[in-house]
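The following exercises ask the reader to work through selected features of a two-chain model. Each task is followed by a solution in steps.

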Amino acid sequence: MRKVPKRKVAIVGAFTTPCRARWLSKTIWELAQWAVSGALQDAKLKMDRVEAGVIGLYNDIFARQAIPECSFLGHMGLAFKPLVRVSNGGATGIYAFGTGFDMVASGRHDIVFCVGAEKATDCYDFMSETQTPEVVQTIAWSWDPLFERDQGATAADSYAEVILSYMDQYPNDLKMAVRGEILRIMCEQAKNNPNAQRRDEIVTPERVEHSPWIIEPAFKKLETCVYTEGACCLVFAAEGVAEEICKDSGQPPIWIEGVGFANEPYWWGTRHPHKLPGRIESDYLASKTAYEMAGIGPRDVSVVELHDAFLPQLEITMAEMGFVPLGHADDLIEKKVMAPHGKLLINPSGGLIYGGHFVGGSNMFSAWSARRELIRRGLDYALVHGTGASSSQYGGAVVLKRGVI
Amino acid sequence: MEKVMKRVGDYVIPHEAIPEVMSRISVYPEDKSVCVERTEPMFTTYWASAGELSPFFLAVMKEKKIIGARCPKCQMVICPPYMTRCPVCQNDDYSLVNLETGLEMPQVGYLLGTPPITVFANARFARYAPFGRGRVILGDSQSALPIQVFTTTGFLKPGIFKAGTKVKIIFRKSRMGFSTDYFAVPLDEVPEKLKDKKGVEETALKWKSLEISGPQVTDAFKKHFPKALQAVSKFVGAIPKSPRAQRDLTNWTRKVQVSTGGGKFGLILDKQRIRLVKGKVPRPDLILVVEDPAHLAGWTNGDSLVNMIRMGFAEINNLQDMETIFKLDRLHRSIRRDAEERGRK
């Protein structure tokens, strides 16, 4: 049976800070405050009308503070009101989005903001004199301490395992030439995103081919997402209130038509209830739920903003979400599905690889971009996706629909 | 309480990873803000208990056994025994079903999927690199045991382990209750007489040394060497014009001896620059062997030294210093991006 929320919810305002490898001149508080302020200005909404907030903060080590959310409330003008922190691995942003949606759809609040912020690259490895090993190490703390962490599990190899096991099953898919072309397109698209981190970069399939393997043959350096510092805020409003806000702001409401989530188990195995090799079932289940709630299918979607932690995972996720068949993810290019070869816009923001990946808010950044494209191009439906945790266990998907003022 | 086991001199946080109390004043290039940066810690140390999972680690430590668990109701077998009750089967009283624990598993199994190989290890794991981390199915287990995978044949290259590869569990000589007390090697690398034996320790296998050999000197390589040297000289000469490349080399000091089949030279990394010196470098920190000098010319055009090492075209004498190789690999892109930016201006 199709599940529908108690009442409709729309995005009525959104703002994202520029994405940077490091915001030396800003703390995470400032980034979050900047995003909230920008989103309220976008919605032409006064803070006193906001009833509650959700904040996506990926992990305490990046924030250099345990329970870091406690220090944000006052900065954001939400003193004496509820603020919920969401932390769900790489999928923190999409889960924070879902929590904000629930707070409004349930009838508990009329207007809620949802902010995600990240400062990752204060982490520094004094042995290699670079940030990366310490950032990677911080993410690696997410592996279980008994069985996997001591074996050297890293963020990259968690996705690599998923990709390699997909390649075990479909050895003729995920061809490097296709991956290079998708990267070229996304890199080009990032130039149209004023907040993208890698706007000035030129990536060609040849450059992808020459870049070093991070994990062979799973992915190369130019196929990996970047570490980003930044913040994004979305303002959600209930039907009845949303239209009034949008009339004032002059921007159409973006209705949240479908929301779906699913998490796979931590332990891998040969059958359920374990995570299966070669699949990202969480993406399949999350998108299926979101489509059903929205009453649409992948054919109705014009824009996908997808959590591309690594390029081959983007292809697998597109297959899991029904845009191409599993085992034929290369159809994205070979069968001209992806724009500009085809009609479907995939990661017009540049995605997390070229746009930026500030984990606590990346999926909100994706929603910000999807909203922007729906309005700018006059399109109807967008799909926003988030994934995360070791072995890309967590999946979330949201269907957005452009409304009218 | 039994006696404490120690790896003497091996700290949970490597000493060299801990900075002194420091601060510095930095200018953010984008908006020229003057910022104070300080070194800060955020750490906790533990005597962490393995709790109800302790029997698994004790069986490894004391008996060189791998144990699993089985649900008496649905017969699901799991290894490792990561839980003691079956979440699938609920009793009539809605409680979880207790698993039968202590089930001894076979020590030969197969890999569930192709394992990733980590070359870019961080400080905690550099001494193991390159290492693979896979999942092995033992006996009737439905779940896979996470495990490090090694080859006895030298550098761990892709292709040695694949989905379905038969592997044998090998135990470390010194076992202290960590998941690194055991690892897997391909079964076909295990001597026939040990294949069926349980509790095989690492010392029972013959391990090929990772020591590097000198390059093969040929006339063809000698002929190509001057051109490669010229390319490297031009390449490192571009670093002073590239702020990104200089950042890549910040605080990094190394004397690298590069040996090819056509000749030798040194790369002296210091003060955010690289100085090229001809011939032999006294007491190098790192030796890089690239037999064919043409590969070095390729490096100056964006080819990756990491890829060359992995494909067997290059070798280094200290795998724990891969960071230097990563830094050398970053330079081409940094120089190119700065040149592209200058071009746009």
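**Exercise 1. A loop phenylalanine**

Phe323(A) has 23 C-beta neighbours inside 10 Å and therefore counts as buried. The model is a predicted one. Determine where Phe323(A) lies and which residues it is in contact with, leaving aside its neighbours within four places in sequence.

Solution. Step 1: locate the residue. Phe323(A) belongs to the loop between helix 10 and helix 11 (331–334) of chain A.

Step 1: apply the cut-off. A residue is buried if 20 or more other C-beta atoms lie within 10 Å of its own. Phe323(A), with 23 such neighbours, is therefore buried.

Step 2: list the contacts. Once neighbours within four places in sequence are set aside, Phe323(A) is in contact with Pro298(A), Met318(A), Val337(A) and Leu344(A).

Step 3: Phe15(A) is 308 residues from Phe323(A) in sequence, and their C-alpha atoms are 29 Å apart in space.

**Exercise 2. Two helix pairs in chain A**

Examine how helix 6 of chain A packs with helix 10 of chain A, and how the axis of helix 3 of chain A crosses that of helix 13 of chain A.

Solution. Step 1: take helix 6 (residues 176–190) and helix 10 (residues 311–320) of chain A, whose axes are 10 Å apart and pack at an angle of about 95°. Angles of 65 to 115 degrees count as roughly perpendicular, so helix 6 of chain A is roughly perpendicular to helix 10 of chain A.

Step 1: identify the residues. Helix 6 of chain A contributes Arg179(A), Ile182(A) and Leu183(A), which meet Leu311(A), Pro312(A) and Leu314(A) of helix 10 of chain A. By class, this contact has five nonpolar residues, one charged residue and no polar residues.

Step 2: turn to helix 3 (residues 92–105) and helix 13 (residues 362–377) of chain A. Their axes come within 5 Å and cross at roughly 70°. Helix 3 of chain A is therefore roughly perpendicular to helix 13 of chain A.

Step 3: identify the residues of this second pair. Gly93(A), Ile94(A) and Phe97(A) of helix 3 of chain A meet Ser362(A), Asn363(A), Met364(A) and Ala367(A) of helix 13 of chain A. The contact of helix 3 with helix 13 of chain A has four nonpolar, three polar and no charged residues.

Step 4: check the length of helix 3 of chain A. At 1.5 Å a residue, its 14 residues should span 20 Å, and because its end C-alpha atoms are 20 Å apart, the two values agree.

Step 5: Helix 3 of chain A is mostly covered, with 12 of its 14 residues buried; among them are Tyr95(A), Phe101(A) and Met103(A). Gly107(A), which follows helix 3 of chain A, has a positive phi near 95°.

**Exercise 3. An enclosed strand in chain B**

Step 1: separate the two faces. In a regular strand the side chains alternate between the two faces of the sheet. On one side of strand 10 of chain B are Phe131(B), Arg133(B), Arg135(B) and Ile137(B), and on the other are Gly132(B), Gly134(B), Val136(B) and Leu138(B); all are buried.

Step 2: describe the antiparallel partners. Strand 8 (residues 108–111) of chain B runs antiparallel to strand 10 of chain B and is joined to it by three bridges, with Tyr110(B) opposite Ile137(B). Strand 9 (residues 117–118) of chain B is also antiparallel to strand 10 of chain B, through two bridges, and Thr118(B) stands opposite Phe131(B).

Step 3: inspect the hairpin. Six residues lie between strand 10 and strand 11 of chain B, and Gly139(B) in this hairpin takes a positive phi near 55°.

Definitions and conventions. Residues are numbered from 1 along each chain as its sequence is written. Chains are lettered from A and ligands numbered from 1 in the order in which they are written. This is a predicted model: local features need pLDDT of at least 70, side-chain atom pairs count only at pLDDT 80 or more; totals for chains, interfaces and linings use all residues. Axes are lines fitted to C-alpha atoms, for helices over the stretch in contact, and angles run from 0 to 180 degrees between N-to-C directions. Angles under 35 degrees count as roughly parallel, over 145 as roughly antiparallel, 65 to 115 as roughly perpendicular and the rest as oblique. Two residues are in contact if their C-beta atoms, placed from the backbone, lie within 7 Å. Ala, Val, Leu, Ile, Met, Phe, Trp, Tyr, Cys and Pro count as nonpolar, Asp, Glu, Lys and Arg as charged, and the others, Gly among them, as polar. The expected span of a helix is 1.5 Å times one less than its number of residues. Two strands pair if DSSP finds at least two bridges between them.
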